[in-house]
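Student: I want to learn how strands and pockets get their labels. Can we go through one example?

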Amino acid sequence: MDFDELQAAADLQWLVQCPALIASHQAYTFGAIEPSKPDWGAVKRFLDTKTAHRVGYYVEALVQALLESEASISELQHGLQIRREKETLGELDFLFQQDGKLHHLEVALKLYLCYPEGAENGSHFVGPNATDSFERKRDRLLGKQLPFGREFFPKIEKSQHAVKGMIFYHPSGEGRVPLPELLNPEHARGVWIRESELESLLARWPSHRSGRILKKPFWLAARGEELSVDEIEAATRHHFTKWDGPVYLAGFECGREGVRIFVMPECWPQER
């Protein structure tokens, strides 16, 4: 996959500015991006791999580029596998020294849809892959991933997380269910609909609106070709004739992004 420095820089800026999804005392705050551009080596290497479509891995590569550019950080390790004899027990996203302290940092980008009826796992905040949920990620992160680092590296003084993302609400559903514990009330918001509701949603768009279809792994900053409302509808319809995964859209008005939209297949959230 070709590397685009402008895309990478925009994605990193989006990630830094996005509100934290999990509000806890262990949330990590990224420093300002240095005026000198980051070393994009980690991002370039990632885009050359077979997993270049994985949004989560792309986010890790962006964070690695940012951490490597911070002068106060040293001895940075990424994707540190913890092994016992021949068994892999787990992996730490990042381990580094900063201000004389050993830090463990877990990062993630999580996008959840508010589903008032509740998915099969009992959550009202579930991922495009409905086996994932906000509560599942929260509990695994705070109850397993962060303590796991200290178990094998007792000298860790700070165990932190940078979980960024958005919550998508159906036009009829926001406010119908309470927020789960530790979901940041100031989270970024979007909209989700089913394919059958696409025409109705687009019909309410003013004629001067446009949009972009976001492709993995570039689900952060919305760059690329702007499409008319008719072009968006045609491309989305065509997508669902071949695939049953979601279509992720960014809506623009007068050149500015106004809304993020997940268009989901009719069968969601049931397993396909």
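Tutor: Start with a rule: two strands pair if DSSP finds at least two bridges between them. Keep in mind that this model is predicted.

Student: How do you know that S3 and strand S5 (residues 156-169) pair?

Tutor: Count the bridges: 13 join S3 to S5. The rule asks for at least two, so they pair. The two strands run parallel.

Student: What makes S3 and strand S4 (residues 125-126) a pair?

Tutor: Two bridges join S3 to S4. At least two are needed, so S3 and S4 pair. They run antiparallel. Leu113 stands opposite Val126 in S4.

Student: And how do you know that S2 pairs with S3?

Tutor: Five bridges join these antiparallel strands. The cut-off is at least two, so S2 and S3 pair. Phe96 stands opposite His103 in S3. S2 and S3 form a hairpin with two residues between the strands, and there Asp99 takes a positive phi near 55°.

Student: Why is S3 called mostly covered?

Tutor: Buried means under 20% relative accessible area. In S3, 13 of its 14 residues are buried, so S3 is mostly covered.

Student: What makes up the lining of the largest pocket?

Tutor: The lining has 20 nonpolar, 10 polar and 15 charged residues. The pocket holds about 1600 Å³ of space. Of its 45 lining residues, those closest to the centre are Arg54, Gly56, Leu109, Lys110 and Asp132. Elements giving two or more residues to the lining include strand S2 (87-98) and strand S3 (101-114).

Methods:
Residues numbered from 1 in each chain as written. Predicted model: local features only at pLDDT ≥ 70, side-chain atom pairs only at ≥ 80, totals over all residues. Heavy atoms only, no water. 1 Å grid on protein atoms, 1.4 Å probe; cavity = no way out; pocket = protein on both sides within 12 Å on 5 of 7 lines; lining within 4 Å. Points joined across faces, edges and corners; volume = space filled by probe spheres on them. Helix = DSSP H or I, 4+ residues; strand = E, 2+ residues; numbered from the N terminus. Nonpolar A, V, L, I, M, F, W, Y, C, P; charged D, E, K, R; others polar. Buried < 20%, exposed > 50% of the residue type's maximum accessible area, 1.4 Å probe, protein only.
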